[in-house]
Amino acid sequence: MNVFLSAHWLDLLGTLIGLVYVYQEYKANVWLWITGIIMPVVYMFVYWDAGLYADFGMQVYYALAGIYGLAVWKWGKKHNQTTQEMPITHVKRSLLLPSLFLFLIAWGVLYLILSNLTNSTVPVLDSFGNALSFIGLWWLARKYLEQWWIWVVVDVELSALYVYKGIPFTAGLYALYVFIAIAGFFKWRKMMHQPQKPTRP
């Protein structure tokens, strides 16, 4: 048992931080972005050791996205926003095709990088989950309700990938994320219809 824990302690630490992160996201708590800056630092070591190079590279993006998301949630505004805090809204239809296009480009670019510049054994799956996470984080930063369905797909795919790559704690965390994402969707949908503080004059 001690040997197992010593081999997977960073995986376990990242999992514990991830639980805090997803709880904060579920509650739409702005501090999720601080946790989202800390967590990638831990996972850089986990993914590099597992040979998941797209995941490793994405941690830099996640840390930067954490800074962006914190700024947007604290000081950003949406069109016709009438509340002090950025409200949860539906994603605009005009963003659906650009989001799909960006995902496909990111998937293709990441796949080519992994296939040609690394010894990754799972370039298709590793690039897929991370490319889709680009869109998920963008939608989360804008507080779009539908971001939760993106995370359902990402979490199912990555959970299976991490089982295959021998990262058990993180695999279990992502399996749990699937259920939290579904619950989060209904939680956020309910929050959409609750009165919020009006903007200060």
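Helices (H or I, at least four residues) and strands (E, at least two) are DSSP runs, numbered from the N terminus. This is a predicted model: local features need pLDDT of at least 70, side-chain atom pairs count only at pLDDT 80 or more, and totals for chains, interfaces and linings use all residues. Residues are numbered from 1 along each chain as its sequence is written, and side-chain values use heavy atoms, with hydrogens and water left out.

**Stop 1: the whole chain.** Show the cartoon. The protein has 7 helices and 0 strands. From the N terminus on, the order reads α-α-α-α-α-α-α.

**Stop 2: confidence.** Colour by pLDDT, the predictor's confidence in each residue, from 0 to 100. The mean for the protein is 87, and 90% of residues reach 70 or more. Select residues 2-26, helix 1: confidence is lowest here, at a mean of 80. Now select residues 147-164, helix 6: confidence is highest here, at 95.

**Stop 3: surface and packing.** Accessible areas come from the Shrake-Rupley method with a 1.4 Å probe; for residues, only the protein chains shown count as cover. The total is about 10900 Å², and 71% of it belongs to carbon and sulfur atoms. Of the 201 residues, 49% are buried (under 20% relative accessible area; exposed is over 50%, partly exposed in between; 1.4 Å probe, protein chains only).

**Stop 4: the cavity.** A cavity is a set of points, on a 1 Å grid over the protein atoms alone, where a 1.4 Å probe fits but cannot get out; lining residues have an atom within 4 Å of a point. Grid points are joined across faces, edges and corners, and a volume is the space filled by probe spheres set on the points. The count is 1 cavity of 30 Å³ or more. The largest cavity has a volume of about 400 Å³. Select Tyr21, Met39, Trp151, Tyr174 and Tyr177: of its 28 lining residues, these lie nearest the centre. Helix 1, helix 2 (32-50), helix 3 (53-75), helix 5 (123-141), helix 6 and helix 7 (168-192) each give two or more residues to the lining.

**Stop 5: two loops.** Most residues other than glycine have a negative phi. Select Ala28, in the loop between helix 1 and helix 2. Ala28 has a positive phi of about 55° although it is not a glycine. Is Ala28 buried or exposed? Ala28 is buried, with a relative accessible area of 10%.

Finish at Lys143, in the loop between helix 5 and helix 6. Lys143 has a positive phi of about 55°. Lys143 is buried, with a relative accessible area of 3%.

Terms used
On a 1 Å grid over the protein atoms alone, a cavity is a set of points where a 1.4 Å probe fits but cannot get out, and a pocket is an open set with protein on both sides within 12 Å along at least five of seven lines; lining residues have an atom within 4 Å of a point.
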